[in-house]
Amino acid sequence: MKKIVLITLLFFTSCQLYVTERKDVTLSGKYVVSKLEISSVDQNQTKDESYLLGSTYRNPKLPDPFNVIPINNFYIHFDYSTVRMKLVGVLPSGQDIWFYGSEPDYIFYKNFGGTPFHSGYVQYHYKTKDGNYVSVTFLIEDDGLETLQLRSSGAWFTGKSGEKQVMTMSLTRVGP
């Protein structure tokens with residue numbers, strides 16, 4: 001009887017709860033868009049398009065700065081809580097000048113929906129140069145050491161009953 005109680009007690013006290021940690025996203029650094037893909041996901045009326053080095057994506061229906069994206073010349077900078085977009089220039093000291101996200105108009109992002117197998121989403125809100133407030137949500141498809149792949153939640157440019165298009169940006173880290 002003592003053996004059974006001891007084995008039962010040992011069984012219940014020695015079991016550990018299996019814990020799976022959330023995938024750690026490392027959104028930090030200065031990235032350049034090295035490839036852009038536009039895909040139709042609902043009512044596929046237009047062909048999918050890829051934009052590579054030397055090409056420029058233009059869509060006047062998107063908010064600035066996403067309305068014109070020159071491949072290999074469109075920069076986004078993430079640190080641990082803010083995002084900056086549209087590199088304007090560089091000071092002689094080496095500091096970058098950003099159109100969106102610089103002091104005092106910081107753009108704070110949130111990372112949510114992460115699981116052990118899925119990096120989750122990044123979402124932020126900002127005010128465009130026209131004064132409109134925009135909410136941006138990207139699915140983090142891949143978070144590599146020197147790369148990042150973001151997929152937009154999509155947009156209906158011809159109304160809710162029309163075609164939905166999704167943008168996938170392949171980003172390459174170019175700086176801290």
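**Exercise 1.** Determine whether K30 is buried or exposed in this predicted model.

*Solution.* Start with the relative accessibility of K30, which is 13%. Buried means under 20% relative accessible area, exposed over 50%, and partly exposed in between, with a 1.4 Å probe and protein chains only. K30 therefore counts as buried. Strands (E, at least two residues) are DSSP runs, numbered from the N terminus. Then list the contacts (heavy atoms within 4.5 Å). With neighbours within four places in sequence left aside, the contacts of K30 include Y75, W98 and R173. Finally, look at the charged end of K30, which sits over the ring of Y75, 5.1 Å from the ring centre. Such a placement requires NZ of Lys or CZ of Arg within 6 Å of the ring centre and within 35 degrees of the ring normal.

On conventions: residues are numbered from 1 along each chain as its sequence is written, and side-chain values use heavy atoms, without hydrogens and water. Because the model is predicted, local features need pLDDT of at least 70 and side-chain atom pairs count only at pLDDT 80 or more, while totals for chains, interfaces and linings use all residues.

**Exercise 2.** Classify the ring pair of Y31 and F78.

*Solution.* The whole structure holds 10 aromatic pairs. For Y31 and F78, the ring centres are 6.2 Å apart and the planes stand at 70 degrees, so the pair is edge-to-face. The cut-offs concern rings of Phe, Tyr and Trp (its six-membered ring): centres within 6.5 Å make a pair, with planes under 30 degrees apart stacked, over 60 edge-to-face and the rest tilted. Now locate the partners: Y31 belongs to strand β1 and F78 to strand β5 (residues 75-78), 47 residues apart, so the pair links distant parts of the chain. Both Y31 and F78 are buried.

**Exercise 3.** Describe the backbone and surroundings of K86.

*Solution.* K86 lies in strand β6, residues 82-90. Its phi is near 60 degrees, a positive value in a residue other than glycine. The relative accessible area of K86 is 27%, so the residue is partly exposed. The charged end of K86 sits over the ring of F99, 5.1 Å from the ring centre. F99 in turn forms one aromatic cluster with Y100, Y124 and Y126.

**Exercise 4.** Locate the cis peptide bond that joins E103 and P104.

*Solution.* Omega of this bond between E103 and P104 is about 5 degrees. P104 lies in the loop between β7 (96-100) and β8 (107-112).

Notes
Helix = DSSP H or I, 4+ residues; strand = E, 2+ residues; numbered from the N terminus.
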